[in-house]
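Student: Could you walk me through this one while I have it open on my screen? I'll ask as I go.

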Amino acid sequence: MKTIYFDHAATTAVDPRVFAEMEPYFVERYGNPSEIHRLGREGREAVDKGRAQVAAALGAADKEIVFTSGGTEADNLALSGYLQRFEPGHLIVSAIEHPAVMETARFLMRQGWEASFASVDHDGVVDLDAYEAAFRPDTRLASVMFANNVVGTVQPIKELARIAHAHGAAFHTDAVQAVGAMPIDVAELGVDLLSLSGHKLYGPKGIGALFIKRGTRVGPILHGGGHERRLRSGTENVPGIVGLGAALSIAVADLPTEGPRLVALRDRLTAGLIAAIDDTIALGHPTERLPGNVCVSVAYIEGESMVLQLDGKGIAVSSGSACASGSLEPSHVILGMGYRAEEAHGSVRLTLGRENTQDEADYFLEVFPPIVARLREMSPLYVKR
Amino acid sequence: MYTDLVMDHFSNPRNVGEVEDPDGAGQIGNPVCGDVMRMTIKVDDDRITDVKFKTFGCGAAVATSSMVTEMVMGKTLDEAAEISNRAVAEALGGLPAQKMHCSNLAADALHLAIEDYLTKAGRSGDVAKVLGKKASS
């Protein structure tokens with residue numbers, strides 16, 4: 001059976017060109033970049049090149065990039081690493097953050113910090129007035145994700161960073177979903193800290209990076225041999241760094257054509273779903289959203305059952321329902337936008353990527369409505385009209 | 001994460017729908033929690049002659065509903081009352097741990113349908129006798 005992969009926000013396949021660049025660094029060029037012999041120097045050169053590629057993709061300087069094991073570690077380093085030099089005070093995170101930020105904020109609360117969770121509107125955009133009102137004299141950091149992983153809404157990052165700075169706080173953004181998917185220039189945005197991950201942009205798993213603006217003082221959360229300018233000890237993941245650099249270079253080069261292509265595919269799918277299935281609503285901001293994110297809530301049925309039925313047809317999608325998430329709670333993102341739990345349970349997310357075609361989108365629109373009809377037929381909540 | 005048998009009952013659910021002129025109906029769960037199950041039964045001489053379900057919920061919710069209808073078809077009320085949520089899960093070859101509480105209520109829905117039948121038949125006094133402690137579970 002042919003597989004249609006509509007779950008690129010979960011992870012992506014490694015681009016074969018990226019894999020080809022990584023491959024020599026496993027068996028042949030395995031040197032430790034900290035050593036001065038030839039093998040070591042080869043490793044160092046590869047790390048330097050990867051760092052330059054990541055920096056160039058973000059409009060940053062090489063020295064502003066610290067490699068981590070992924071987005072989660074980058075978020076932990078941003079929050080815990082930045083705040084460690086202060087006496088416990090106050091931080092602000094949005095109510096719809098990824099657990100990597102949300103749970104780090106809760107960890108900091110257990111260390112004596114106070115946190116405010118900035119609310120979002122019905123489209124998932126941070127309420128600027130409420131956000132600004134949350135700042136206190138002892139607010140040290142605000143962290144708002146660039147683009148939401150569930151509903152795709154993109155935040156007004158430049159404005160959010162400006163407000164944080166006006167209140168004397170630093171600004172971090174978890175840009176794991178956005179980097180490679182949309183143009184990002186850290187200088188233009190004015191952010192102090194930005195997290196990214198390799199496996200969301202056709203690079204490998206196990207590698208990510210934190211952009212740390214020059215002059216922003218961050219301390220390590222991993223202690224050891226002092227790698228990465230003392231910020232992240234541990235022998236560098238050389239193949240991962242090579243892969244991240246290569247993947248990001250390709251993504252940025254492809255963006256001018258790939259971005260508009262995905263937007264057209266996204267809007268075709270969203271409009272098609274709303275037209276084909278009654279009592280279905282689109283979630284997230286209609287235009288300020290990730291190019292590849294389609295998120296809808298289908299009334300009277302539950303997300304996991306839709307995911308499993310589609311899986312049976314060879315189509316991989318995701319849901320914000322409690323069951324699909326593996327927790328007992330439906331998506332805090334969809335609830336945070338003011339939707340009812342039933343609406344969160346009925347959510348389906350399609351995240352499109354490089355290999356997806358219009359034919360696949362059309363096939364989905366052909367296959368999905370009968371699945372919905374069948375599940376509704378089975379649902380005690382559905383009354384046929 | 002699901003056994004083949006769970007997937008089979010989810011993909012090809014048995015006895016979906018509502019029996020006509022049901023002698024008893026039972027519904028359990030809450031859309032807020034993500035699971036609602038409704039069982040309707042036909043009873044003849046204290047024997048379940050037909051049973052159908054409607055379920056809003058995840059794969060486990062659908063599969064347990066389907067399985068319990070197979071388990072009780074043709075059984076006496078006393079036999080049906082003996083079937084527990086756990087027994088349904090076991091008959092399916094087990095369920096993931098997080099599904100055992102929220103999505104494993106099909107037997108409860110069935111017991112509510114039996115209770116409804118007995119009450120409608122003017123036999124409220126038999127509820128405790130047939131369902132035992134299960135009437136309140």
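Student: Is H4(A) largely enclosed or left open by the rest of the structure?

Tutor: In this predicted model, 12 of the 13 residues of H4(A) are buried, so H4(A) is largely enclosed by the rest of the structure. Buried here means that 20 or more other C-beta atoms, placed from the backbone, lie within 10 Å of the residue's own, whereas 12 or fewer makes it exposed and anything in between partly exposed. Among the buried residues of H4(A) are Glu73(A), Asp75(A), Leu77(A) and Tyr82(A).

Student: Before I go on, how are residues and chains labelled, and what does pLDDT limit?

Tutor: Residues are numbered from 1 along each chain as its sequence is written, while chains are lettered from A and ligands numbered from 1 in the order in which they are written. As the model is predicted, local features need pLDDT of at least 70 and side-chain atom pairs count only at pLDDT 80 or more, although totals for chains, interfaces and linings use all residues.

Student: And what span does H4(A) have?

Tutor: Helix H4 covers residues 71-83 of chain A and reaches 18 Å from its first C-alpha to its last, close to the 18 Å expected at 1.5 Å a residue; the expected span is 1.5 Å times one less than the number of residues. Helices (H or I, at least four residues) and strands (E, at least two) are DSSP runs, numbered from the N terminus.

Student: What about H3(A), how many residues has it got, and what does it pack against?

Tutor: Helix H3, residues 38-58 of chain A, has 21 residues and reaches 31 Å, close to the expected 30 Å. Its buried residues include Gly43(A), Val47(A), Arg51(A) and Leu58(A), and the buried residues of H3(A) pack against several elements of chain A, among them strand S2 (65-68), strand S7 (193-197) and helix H9 (238-276). Contact means that the C-beta atoms of two residues, placed from the backbone, lie within 7 Å.

Student: What follows H3(A)?

Tutor: Gly59(A) does, and its phi is positive, near 70°.

Student: Zooming out, how is chain A divided?

Tutor: Chain A is divided into domain 1 (4-10 + 255-378) and domain 2 (16-250), with bounds that come from an automatic or database domain assignment. Their C-alpha centres lie 28 Å apart, and 23 residues of domain 1 of chain A are in contact with 20 residues of domain 2 of chain A. On the domain 1 side, the largest share, 4 residues, comes from H12(A).

Student: How many residues does each chain bring to the contact of A with B?

Tutor: Chain A gives 20 residues and chain B gives 19. On the side of chain A that touches chain B, H10(A) supplies the largest share, 4 residues, and the residues there divide into 11 nonpolar, 6 polar and 3 charged. Nonpolar covers Ala, Val, Leu, Ile, Met, Phe, Trp, Tyr, Cys and Pro, charged covers Asp, Glu, Lys and Arg, and the others, Gly among them, count as polar.

Student: Over in chain B, how do S2 and S3 run?

Tutor: They run antiparallel, with 9 bridges joining strand S2 (residues 35-44) of chain B to strand S3 (residues 47-56) of chain B; strands pair if DSSP finds at least two bridges between them. Met37(B) has Thr55(B) in S3(B) as its bridge partner, and in the hairpin, which has 2 residues between the strands, Asp45(B) takes a positive phi near 55°.
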